[in-house]
Amino acid sequence: MATNSAWGKKAESGGPVGVTLELNPLMTSWALWFFKNERSRAWRENLQMVTRFDTVEDFWALYNNIKLPSKLSPGCDYALFRDGIEPMWEDSSNKRGGRWLVSLAKQLRHLDLDRLWLDTMLCLIGEGFGDYGPDVCGAVVNIRTKGDKIALWTREADSQASVMHIGRVYKECLGLSMKATIGYQAHADTATKSNSLARNKFVV
């Protein structure tokens, strides 16, 4: 993953020496993870935390110094999760949850993927889900040869009011048309079936 020396640093003032810019804190701290599928290594070894951040400025410093999803190799993922939650089904915050899944045809990688992923991240760190915000764990973008996916993960797959509210807000955040639909899958269903066979628990 290509970065430069700025990606892990706190945002710095560009003003006169001794003058510190006021940073804009986020409501919570977030962590960005990177996954690269190397078959010689265990799955967990392929997952690495890039950095944590808790201000608007540090988010943009990070975003501007890493590769866009469309530039990653197939088999790679980015994951943005609340600090303290690991981007895996087994994490205690995720194991009873599920995900709103946006699937993209491979020809859309260079048209829509980067915008949709940025909109997803901004919706997360901007806490755009109101009272149900704490139910959102994070999001993952998967780069795959057959077609890319973006998934928004929530804590409780059986909490219909929460899941449906989050799904409607997320769909609006992405600017998807009314005719477009996205489905919600429980992690428990996805774990026992292939992604293409897992049934949608909810749809918006």
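Biologist: What is the mean pLDDT of the chain?
Modeller: The mean is 90, and 88% of the residues reach 70 or more; pLDDT is the predictor's confidence in each residue, from 0 to 100. This is a predicted model, where local features need pLDDT of at least 70, side-chain atom pairs count only at pLDDT 80 or more, and totals for chains, interfaces and linings use all residues. Residues are numbered from 1 along each chain as its sequence is written, and side-chain values use heavy atoms, with hydrogens and water left out.

Biologist: Where does pLDDT stay under 50?
Modeller: Over residues 1–13, for which the model has 24 contacts (heavy atoms within 4.5 Å) beyond four places in sequence. Where pLDDT is low, the predicted coordinates should not be read in detail.

Biologist: How many of its residues are buried?
Modeller: 12 of the 17, so α2 is largely enclosed by the rest of the structure. Buried means under 20% relative accessible area, exposed over 50%, partly exposed in between (1.4 Å probe, protein chains only). The buried residues include Trp117, Asp119 and Cys123.

Biologist: And what follows α2?
Modeller: Glu127, whose phi is positive, near 50°.

Biologist: Salt bridges: how many in the whole structure?
Modeller: The search finds 10, each a side-chain nitrogen of Lys or Arg within 4 Å of a carboxyl oxygen of Asp or Glu.

Biologist: Which residue does Arg115 pair with?
Modeller: Asp119, with the closest N and O atoms 3.1 Å apart. Both lie in α2, four residues apart, about one turn of the helix. Arg115 is partly exposed at 39% relative accessibility, whereas Asp119 is among the buried residues.

Biologist: What about Arg96?
Modeller: Arg96 bridges to Glu156, closest N and O atoms 3.0 Å apart. Arg96 is in the loop between β3 and β4 and Glu156 in the loop between β6 (147–154) and α3 (160–174), so the pair ties together parts 60 residues apart in sequence. Arg96 is partly exposed at 48%, and Glu156 is partly exposed at 30%.

Conventions. Helices (H or I, at least four residues) and strands (E, at least two) are DSSP runs, numbered from the N terminus.
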